[in-house]
Amino acid sequence: MSKAKFGVVVFPGSNCDHDAYNTLKHILNQDTEFLWHKESSIGDRNVIIVPGGFSYGDYLRCGAIARFSPIMKDIVRHASNGGVVIGICNGFQILCESGLLPGALLRNASLKFVCKNVTLNIVNKNTIFTGAYNSSQSGGPEKMIIPVAHGDGNYICDKDTLKSLNDNAQVVFRYENNPNGAIDDIAGIMNKNGNVLGMMPHPERASEDAVGSSDGRKLFESVINSVN
Amino acid sequence: MHEPEVTLELAKTFGLIEEEYNRILDILGRKPSYTELGIYSVMWSEHCSYKNSILEIKKLPRSGGRLLVGAGEENAGLVDIGEGLAVAFKIESHNHPSAVEPYQGAATGVGGILRDIFTMGARPIAALNSLRFGSINSKETDVTRTKYLFKNVVKGIGDYGNCFGVPTVGGEIYFDESYRDNPLVNAMAVGIVKHDEVAKATAKGVGNPVFIVGSSTGRDGIHGATFASEEISEASEAKRPSVQVGDPFTEKLLLEASLELIKSGVVVGMQDMGAAGITCSTSEMSAKDGMGMDINLDFVPAREENMSAYELMLSESQERMLVVIQKGKEDVAKKIFDKWDLNCVEIGTVTQGPNVKITYHGKVMAEVPANTLVLGGDAPVYVRESKEPAYLKEVQNFDESALPEPKDLNAVLINLLSTPNITNKNWVYEQYDTQVRTNTVIMPGGDASVVRIKGTKKALAMKTDCNGRYVYLNPYRGAMAAVCESARNVACTGAIPLAITNCLNFGNPYKPEVYHQFREAIRGIGDACKKLDTPVTGGNVSFYNESPDYAVYPTPTIGMVGLIEDIDNMVTSYFKNEGDIIAVIGNVNCSNSIGGSEYLKQQFNLVKGDAPEIDLNSESNLIKTLVQLANAKSINSAHDVSDGGLAVCIAESCMINRTLPIGCNVNIKYAGRQDFCLFNESHGRAVISFDKENEENVKKICSDNSIEYLNIGKTGGNSIIINKEVNIPLEIAEDAYYNSISKIMEN
């Protein structure tokens with residue numbers, strides 16, 4: 001079995017790249033490297049994190065330019081070969097723009113940026129991203145406290161897509177109190193194959209009690225377990 | 001290109017006075033060119049030269065403590081925090097731009113102060129803002145414009161900081177009609193740098209190349225510094241083009257590229273371009289070590305066509321830096337900026353001096369001695385007339401005993417908790433990314449915010465403070481209070497106050513009454529800083545905060561940074577457990593005078609009396625006590641008594657942890673009037689809570705520091721109970737405390 005080798009993509013304007021790197025490298029002690037957006041290959045990295053931030057300033061539609069970065073071609077190849085890709089916040093937007101995930105992210109319904117802790121329901125625990133949350137004895141949907149920090153987190157998709165997301169159990173996280181107007185309270189989804197995850201909340205910011213929550217750690221631990 | 005003829009009249013329209021124009025003639029021995037006149041007018045504007053304030057500012061304690069770089073020596077002061085690290089921090093105003101174009105004005109204020117930090121080689125770790133607006137809920141006046149200003153200033157700050165990727169961790173916000181036409185937007189940034197990676201703002205080594213890096217230069221912000229040096233009026237709207245436009249994305253790239261460049265070791269000197277753009281950076285860097293520069297404007301990357309030398313020199317386009325590189329290492333710099341897709345263009349060389357020579361299209365457009373342009377050189381310095389304002393005696397002559405005593409103290413407290421000055425500012429802070437870089441361990445809303453330093457046990461506590469109402473009533477005492485409150489705030493978290501930066505917002509300095517406020521405030525800051533051993537690392541003066549209808553309260557905003565050596569000893573401001581003892585420590589037997597209080601304003605619509613009493617000795621002792629209590633792990637919470645007095649302080653301690661509020665039952669003995677006891681804002685007090693087993697220990701630490709201690713009750717229950725008269729269910733208090741601003745702003 002291969003071991004998890006994380007690659008954290010750095011676009012111009014990424015600003016949660018260091019947070020993801022720090023969580024993986026120094027808190028979870030994983031083999032982690034940055035991947036510069038101008039590179040054309042992800043090299044030996046087998047888990048790709050597309051981090052949060054404002055790639056290219058998000059002056060056009062969020063993520064619309066980043067998807068054309070050289071590194072993205074190889075990430076799409078990696079994903080279509082079943083490789084693991086996690087897009088967080090701006091990363092989620094980029095994955096939607098690049099077609100790895102369905103739907104899109106609109107401006108928040110409030111038209112304001114929102115940064116606060118929210119409660120998520122983990123609605124699908126049988127994924128490579130949530131396996132470690134399955135230890136709950138209650139059997140009910142496990143919850144996590146996790147920060148959101150975005151201006152464009154209002155997930156939207158057409159009716160058929162929503163139906164297929166639900167039918168295929170692709171909705172992984174839902175907000176308990178929707179902070180942005182996302183359809184069906186969707187906070188995170190995966191692709192049909194279950195190897196690409198996109199989510200607006202920040203698990204890398206919720207991996208230590210010192211910063212308010214460590215509920216996000218299990219997400220990375222789930223991935224590490226499934227890859228190792 | 002044809003340039004207008006230079007005359008005294010033209011000089012006056014540029015903001016120069018006759019005496020200054022004659023001084024230019026003397027210096028040059030000839031009439032200045034149009035470009036030269038522009039250069040002198042911005043460099044000698046109040047904003048760049050501090051000509052009306054420098055003599056007073058020099059009276060502030062500018063050395064001592066852990067200061068590595070003192071005020072005015074570099075772009076920001078530098079304070080040692082051990083382990084080879086230093087903290088760089090500074091606060092600066094962007095009031096005038098924000099008054100006419102709130103979104104860009106506030107955004108570029110943030111951008112400018114961030115550049116001041118990373119131009120020194122420091123990575124910004126936090127941003128704070130001190131904001132003042134008119135009333136947002138006045139029934140007498142139209143609040144539409146004030147709400148527009150507030151909303152867009154907050155959005156501008158958020159959008160810039162969020163995109164740049166620095167957590168905006170707090171500050172403070174006040175609302176008062178005096179700020180109606182002239183809001184105050186003071187932005188502060190804090191950064192960390194290794195001692196051996198500090199970059200200096202200097203030009204040395206004849207022949208070394210001078211580069212402009214970052215954004216291209218456009219016509220935005222021309223004469224911004226001059227605009228900042230006059231009063232706001234109807235005509236100010238026409239100065240909208242003087243407001244710069246921010247690009248946080250480019251700033252983020254500039255940050256990464258600049259830090260990489262500094263680490264590469266090829267930088268001789270570096271300075272950001274803020275006010276007065278290329279003019280200011282070339283002349284200040286040259287004057288620093290007595291050098292000169294030859295600059296060829298033909299090479300400056302321009303955003304617009306046909307820009308004149310005058311426009312290129314005075315543009316305040318954002319996200320640019322001037323860098324002097326070691327000769328022969330040009331390619332190292334170019335490669336780094338190429339990686340980040342930024343301009344990096346050689347525009348000149350360092351010369352023996354003393355002149356900065358500007359060439360454009362093969363013609364010398366300006367040639368002036370650098371030293372004659374800058375603060376500390378030959379820029380004018382004035383002694384201004386000062387006269388005690390007549391209003392001071394009038395407002396201080398006030399008999400508070402004649403005020404009717406309210407019957408329902410519950411209603412008074414609920415009203416205070418919902419008043420915009422006291423109520424929780426979550427509506428604002430949730431629009432800021434408070435967490436990016438995962439170092440924010442105390443979020444805004446308590447006393448100081450705290451940001452940890454990864455790889456160490458250390459953390460920095462930071463806060464801005466200034467109650468302008470106090471300074472209005474008593475400039476000396478009010479300014480002392482701002483320093484003391486900021487020190488108390490950081491000490492409540494367990495941090496030792498290190499140093500301050502200040503942003504001195506006043507009216508027109510040519511009015512002797514305004515100058516009196518300014519001088520007295522400086523004296524107050526100086527005395528407090530000396531007593532607390534918190535030197536001034538630098539800051540900014542903002543005069544002319546006036547409109548035809550209003551002069552702002554004199555507002556010397558203090559930005560304080562404190563050091564927590566061991567983050568495990570950090571203390572937060574909210575009650576933790578049921579059954580903990582609650583005590584007031586410090587100036588327990590205060591006079592209970594309610595002069596200048598929020599209570600007096602809200603209940604009686606009065607701004608009268610003297611500013612609340614303050615005693616520097618007991619402040620200093622209280623701060624030591626709070627730090628010792630934290631390090632002894634004796635207490636579970638500490639919250640300083642400030643706006644709204646003891647009752648508000650206690651209520652906040654119950655509610656600041658929104659996910660787990662805890663009630664209280666306290667009994668406060670009082671002589672005289674209960675309302676005065678509960679709501680007066682006397683300084684030097686904090687409310688703490690702790691396990692009952694720790695009481696002897698707490699009392700001992702207090703008495704060791706000659707600090708009074710008063711057990712007032714216990715935590716627990718679902719209500720805030722104070723004496724017999726106050727009993728408020730937590731959910732009612734929480735609604736008042738958390739939802740008031742959103743109710744005002746979302747309707």
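User: Where is Thr434(B) found?

Analyst: This is a predicted model. In it, Thr434(B) lies in the loop between helix H16 (426-429) and strand S14 (440-442) of chain B.

User: Why is Thr434(B) called buried?

Analyst: Its relative accessibility is 5%. Buried means under 20%. The value falls under that cut-off, so Thr434(B) counts as buried.

User: What is Thr434(B) in contact with, leaving aside its neighbours within four places in sequence?

Analyst: One residue named from chain A is Cys115(A). From chain B come Pro167(B), Thr168(B), Val169(B), Tyr429(B), Thr440(B), Met443(B) and Pro444(B).

User: What makes the link between Asp433(B) and Arg205(A) a salt bridge?

Analyst: Their side chains meet at 2.8 Å, N to O. The cut-off is 4 Å, from a side-chain nitrogen of Lys or Arg to a carboxyl oxygen of Asp or Glu.

User: Which elements of chain A each supply at least two residues of the side that touches chain B?

Analyst: They are helix H1 (17-27), strand S6 (114-122) and strand S7 (143-150). S6(A) gives the largest share, four residues. By type, that side of chain A divides into 14 nonpolar, seven polar and eight charged residues.

User: How many residues are in contact between chain A and chain B, and what area is buried there?

Analyst: On chain A, 29 residues are in contact with 29 residues of chain B. The buried area is about 2,400 Å². Carbon and sulfur atoms give 53% of that area. There are also twelve residue pairs in polar contact between the chains, with both residues at pLDDT 80 or more.

User: Why is chain A called as compact as a globular protein of its length?

Analyst: Start with its make-up: five helices and eleven strands. Its radius of gyration is 16 Å. The globule rule gives 17 Å for 228 residues. The two values are close, so chain A is as compact as a globular protein of that length. Its C-alpha atoms fill a box of roughly 40 × 40 × 35 Å along the principal axes.

User: What share of chain A is buried, and what share of its contacts joins residues at least 24 apart?

Analyst: Buried residues make up 61% of the 228 residues in chain A. Among contacts between residues at least 6 apart in sequence, 74% join residues at least 24 apart.

User: What makes helix H3 (residues 90-97) of chain A mostly covered?

Analyst: Eight of its eight residues are buried. Among them are Phe92(A), Ile94(A) and Leu95(A). Just after H3(A), Gly99(A) takes a positive phi of about 85 degrees.

User: How do you know that helix H3 (residues 34-43) of chain B is largely enclosed?

Analyst: Count its buried residues: ten of the ten, so the helix is largely enclosed by the rest of the structure. Tyr34(B), Leu37(B) and Met43(B) are among them.

User: Ser642(B) has 14% relative accessibility; why does that count as buried or exposed?

Analyst: The cut-off for buried is under 20%. At 14%, Ser642(B) is under it, so the residue counts as buried. Ser642(B) is in the loop between strand S21 (637-640) and helix H22 (645-655) of chain B.

User: What does Ser642(B) touch, not counting residues up to four places away in sequence?

Analyst: Ser642(B) touches Glu485(B) and Glu681(B). A polar contact of 3.4 Å joins the side chains of Ser642(B) and Glu485(B). The limit for such a contact is 3.5 Å, so 3.4 Å is within it.

Definitions and conventions. Residues are numbered from 1 along each chain as its sequence is written. Chains are lettered from A and ligands numbered from 1 in the order in which they are written. This is a predicted model: local features need pLDDT of at least 70, side-chain atom pairs count only at pLDDT 80 or more; totals for chains, interfaces and linings use all residues. Side-chain values use heavy atoms; hydrogens and water are left out. Contact means heavy atoms within 4.5 Å. Buried area is the accessible area (1.4 Å probe) that two parts lose on being put together, summed over both. A polar contact is a pair of N or O atoms within 3.5 Å; within protein, one must be able to donate a hydrogen and the other to accept it, and residues adjacent in sequence count only if both atoms are side-chain atoms. Ala, Val, Leu, Ile, Met, Phe, Trp, Tyr, Cys and Pro count as nonpolar, Asp, Glu, Lys and Arg as charged, and the others, Gly among them, as polar. Buried means under 20% relative accessible area, exposed over 50%, partly exposed in between (1.4 Å probe, protein chains only). The radius of gyration is taken over C-alpha atoms; the globule rule is 2.2 Å times the number of residues to the power 0.38.
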